[in-house]
Amino acid sequence: MHNHWQSEVVLKIFFHLVGWTATALLLLQLIKVDIPEAPQTTAADKISAPPEIATLLRRSCNNCHSNTTHWPWYANIAPISFEVKGHVRDGRKWLNFDIWNQYDEKKQQERLQGIVDTIDAKMPLPSYIWAHPNANLSKEERRSIKTWAQALIKE
Ligand code: HEC
């Protein structure tokens, strides 16, 4: 019957697509993303912040802005790994709270200003909040981080 023949073709195309997608995903796994090793640090290099601020930074920022990244299970699965590792690599490069005291004063001041400028909306990254709802910050929490950073900025 005509109909029967049609659904067979559709099924065939479907299984071809599944096969090709699976093959493409498997091949993607050959691409490994290596990010630079976390820099050497001592306890003295760490930023010192009041406990309530430190807690917020740990909860919402440290996965990308410190050496203590808790990698999710999918961090090694391409193509998600490209995104996750890229974020940690660039996040650490921009701002690493574990090497804060290795920064000179100018860099510290720039980063504090960066925190003031990004904390209302840009950070933590929206895609990250989507995957880690716990990392989201309330308005008040954002405000207390902002107030803390502003107080450290020298006019
Ligand atoms: C998912 C990873 C991730 C998280 C979580 C994250 N960041 Fe970032 N952050 C990045 C990346 C990547 C960059 C650099 C590229 C960019 O600006 O998008 C960056 C850049 C920054 C910068 C520099 C931007 C500038 O223009 O000076 C600041 C400041 C910053 N983040 C603060 C924070 C703070 C504060 C938190 C926590 C409330 C946070 N980030 C959470 C990934 C992250």
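User: Hey, which way is the crossing of H2 and H7, left-handed or right-handed?
Analyst: The crossing of H2 and H7 is left-handed. Keep in mind that this is a predicted model.

User: Okay, and at what angle do the axes of H2 and H7 cross?
Analyst: They cross at roughly 115°, and the axes come within 10 Å. For context, two packed helices are described by the angle between their axes and the distance between the axes.

User: Which residues in H2 meet which ones in H7?
Analyst: On the H2 side you have Glu 52, Ile 53 and Leu 56, and they meet Glu 141, Ser 144, Ile 145 and Trp 148 in H7. Sorted by class, the residues of that contact are four nonpolar, one polar and two charged.

User: What else does Trp 148 touch, leaving out residues up to four places away in sequence?
Analyst: With those left out, Trp 148 touches Ala 49, Pro 50 and Ile 53. Trp 148 also belongs to the largest nonpolar core.

User: Which residues make up that largest nonpolar core?
Analyst: There are ten: Leu 56, Cys 61, Cys 64, Val 84, Val 88, Ile 115, Ile 119, Met 123, Ile 145 and Trp 148. H4 and H7 (139–152) each supply at least two residues of this core. As a general point, in soluble globular proteins nonpolar side chains tend to be buried together.

User: Switching to the ligand. Which residues come nearest?
Analyst: Of the 19 residues around the ligand, the nearest are Cys 61, Cys 64, Gly 91, Gly 114 and Met 123. Cys 61, Cys 64 and Met 123 are also listed in the largest nonpolar core.

User: Which helices each supply at least two residues of the shell around the ligand?
Analyst: H3 (62–65), H4 (80–94) and H5 (105–118) each do that. By class, the shell has ten nonpolar, seven polar and two charged residues.

User: New topic: is Asn 63 buried or exposed?
Analyst: Asn 63 is buried, because 21 other C-beta atoms lie within 10 Å, and the cut-off for buried is 20 or more. Asn 63 lies in helix H3.

User: What does Asn 63 touch, not counting residues up to four places away in sequence?
Analyst: Thr 69 and His 70, on that count.

User: What about Ile 129, where is that?
Analyst: Ile 129 is in helix H6. Ile 129 counts as partly exposed, with 15 C-beta neighbours inside 10 Å. Leaving out residues up to four places away in sequence, Ile 129 touches Pro 124, Ala 135 and Asn 136.

User: Last one: how far apart are the C-alpha atoms of Gln 6 and Tyr 128?
Analyst: They're separated by 44 Å, and the two residues are 122 residues apart along the chain. Gln 6 is in helix H1 (residues 2–28). Gln 6 is exposed, with 10 other C-beta atoms within 10 Å.

Technical notes. Residues are numbered from 1 along each chain as its sequence is written. This is a predicted model: local features need pLDDT of at least 70, side-chain atom pairs count only at pLDDT 80 or more; totals for chains, interfaces and linings use all residues. A residue is near a molecule or strand if its C-beta atom, placed from the backbone, lies within 6 Å of it. Helices (H or I, at least four residues) and strands (E, at least two) are DSSP runs, numbered from the N terminus. Ala, Val, Leu, Ile, Met, Phe, Trp, Tyr, Cys and Pro count as nonpolar, Asp, Glu, Lys and Arg as charged, and the others, Gly among them, as polar. A nonpolar core is a set of buried Ala, Val, Leu, Ile, Met, Phe, Trp, Tyr and Cys residues joined through C-beta atoms within 7 Å. A residue is buried if 20 or more other C-beta atoms lie within 10 Å of its own, exposed if 12 or fewer, and partly exposed in between; C-beta atoms are placed from the backbone. Two residues are in contact if their C-beta atoms, placed from the backbone, lie within 7 Å. Axes are lines fitted to C-alpha atoms, for helices over the stretch in contact, and angles run from 0 to 180 degrees between N-to-C directions. A crossing is left-handed if the near helix is turned anticlockwise from the far one by less than a right angle, and right-handed if clockwise.
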